[in-house]
Amino acid sequence: MINKLCDKIKKTNAPIVVGLDPMLSYIPEQVQKAAFDAYGETLEGAAEAIWQYNKAIVDAVHDLIPAVKPQIAMYEQFGIEGLKAFQKTVDYCREKDLVVIGDVKRGDIGSTSAAYAVGHLGKVQVGSKTYSAFNEDFATVNPYLGTDGIKPFVDVCKEEKKGLFILVKTSNPSSGEFQDQLIDGRPLYEHVAEKVAAWGEDHMGDSYSYIGAVVGATYPEVGKILRKVMPKSFILVPGYGAQGGKASDLVHYFNEDGLGAIVNSSRGIIAAYKQEKYAQFGPENFADASRQAVLDMIEDINGALQK
Ligand SMILES: O=C(O)c1cc(=O)[nH]c(=O)n1[C@@H]1O[C@H](COP(=O)(O)O)[C@@H](O)[C@H]1O
């Protein structure tokens, strides 16, 4: 999958990922109304609205991008119906040949991590049969429980040729509370980054490891340092756009081969029609607004990389 991700980035010339984080408040009235007319103002109605919204956006942007990142919390808040919409979204994006990064941020003790890994990336055994339940290509993982929480994910990834993005330095304002604490004179995120590089060494693709890292766009100085600590790890970079990360800040997250990082934008793309810049599209053409926002994001990032 890491090779597919690299190939797709080269083909699309777009080192970006569209975050499918569908809040009901982003979904245009007409999409909500159609879903509520069919299923009522119920969890099922909400899930239908999410699914129709995602499908329209994916249809509008899939040829421009290598990957999507559905964030499971946005679906899980609607219970089982929401999770069904998550599954439908994952399946649809895979049909469209997009790489799917399941933003599930899991991490637990060994046996529990193994179950999460099987459910999201692997195959679960039922009697004599096996099933891929959610079947994403990558998952985001929290490394705070240490090697025995991560190893079951790495084992499943090796079997399935799938990958991880492990939280190293997150984009949120208080990420430094723990992640920046100095241990032996170096911030905790550097220690975690060294582990990510080591975990990745025995699961390599052609040029990059299947074991990547998450480093927020909002801490560009940290990104510059961590790029060197994990030269073979792909970096998933959230925080561009809505959280304030700028393209010019992201140049050092990339390697000299032009690869090594993939920049996420969620609200900035899926709710583009709500921005003044894209107001001319109107809520009825929300998916066209998303397409234009993707084109603008690609131009912005590639422009910064070429400078
Ligand atoms: O793992 C992530 O994707 C993630 C890590 C991080 O440090 N910061 C962060 O914002 N994210 C996710 O990236 C997305 C950011 O969304 P926008 O701010 O709307 O672009 C959300 O799905 C977050 O959960």
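## Core, ligand shell and selected residues

In this predicted model, the largest nonpolar core has 95 residues, and I166, V168, A213, V237 and I262 touch the most other members. Helix α3, residues 43-61, gives the most to this core, with 9 residues. In soluble globular proteins, nonpolar side chains tend to be buried together.

A213 shows how one of these core residues is placed. Beyond its neighbours up to four places away in sequence, A213 touches F165, I166, V168, A193, V196, L226, M230, S233 and I235. Two of these contacts, I166 and V168, are themselves named with A213 for touching the most other core members.

V192 is found in α9, which spans residues 188-201. V192 is in contact with P143 and V168, leaving aside neighbours within four places in sequence. V192 counts as buried because 21 C-beta neighbours lie inside 10 Å, and the cut-off is 20 or more. V192 and Q179 are 13 residues apart in sequence, and their C-alpha atoms are 9.1 Å apart.

**Helix α1**

Helix α1 covers residues 2-12. Its buried residues are I2, L5, C6 and I9. They sit on the same side of α1 because they cover an arc of only 100° around the axis. The spacing follows helix geometry. An α-helix has 3.6 residues a turn, so residues three or four places apart point the same way.

What do the buried residues of α1 pack against? They pack against four strands: β2 (67-70), β3 (99-106), β7 (163-169) and β12. After the helix comes N13, whose phi is positive, near 50°.

**The ligand shell**

The ligand is surrounded by 20 residues. The closest are Q71, T170, P238, S266 and R267. By type, the shell divides into 14 polar, 3 nonpolar and 3 charged residues. Strand β12 (261-265) and helix α11 (267-270) each supply at least two residues of this shell. R267, one of the closest residues, falls within the range of α11.

**Two glycines in one loop**

G239 is found in the loop between β11 and β12. G245 lies in the loop between β11 (235-237) and β12 as well. Are these glycines buried or exposed? G245 is buried, with 25 other C-beta atoms within 10 Å. G239 is buried too, with 26 C-beta neighbours inside 10 Å.

Leaving aside neighbours within four places in sequence, G245 is in contact with A217, T218, G239, Y240 and L250.

G245 and A60 are 185 residues apart in sequence and 25 Å apart in space. G239 and A115 are 124 residues apart in sequence and 29 Å apart in space.

**Positive phi at K105 and D184**

Most residues other than glycine have a negative phi, and most peptide bonds are trans. K105 has a positive phi, near 40°. D184 has one as well, near 50°.

K105 is found in strand β3. The UniProt annotation "active site", from an unreviewed entry, covers K105. Not counting residues up to four places away in sequence, K105 touches T140 and N142. K105 is partly exposed, with 16 other C-beta atoms within 10 Å.

D184 lies in the loop between β8 (182-183) and β9 (186-187). D184 is exposed, with 6 other C-beta atoms within 10 Å.

| Residue | C-beta atoms within 10 Å | Class |
|---|---|---|
| G239 | 26 | buried |
| G245 | 25 | buried |
| V192 | 21 | buried |
| K105 | 16 | partly exposed |
| D184 | 6 | exposed |

**The annotated domain**

The unreviewed UniProt entry gives the annotation "domain: Orotidine 5'-phosphate decarboxylase" for residues 15-281. This span is 40% helix and 19% strand. Its end C-alpha atoms lie 25 Å apart.

How values were computed:
Residues are numbered from 1 along each chain as its sequence is written. This is a predicted model: local features need pLDDT of at least 70, side-chain atom pairs count only at pLDDT 80 or more; totals for chains, interfaces and linings use all residues. A residue is near a molecule or strand if its C-beta atom, placed from the backbone, lies within 6 Å of it. Ala, Val, Leu, Ile, Met, Phe, Trp, Tyr, Cys and Pro count as nonpolar, Asp, Glu, Lys and Arg as charged, and the others, Gly among them, as polar. A residue is buried if 20 or more other C-beta atoms lie within 10 Å of its own, exposed if 12 or fewer, and partly exposed in between; C-beta atoms are placed from the backbone. Two residues are in contact if their C-beta atoms, placed from the backbone, lie within 7 Å. A nonpolar core is a set of buried Ala, Val, Leu, Ile, Met, Phe, Trp, Tyr and Cys residues joined through C-beta atoms within 7 Å. The arc is that of the directions from the helix axis to the C-beta atoms. UniProt positions are given in the numbering used here, feature names are shortened, and annotations may be inferred rather than shown by experiment.
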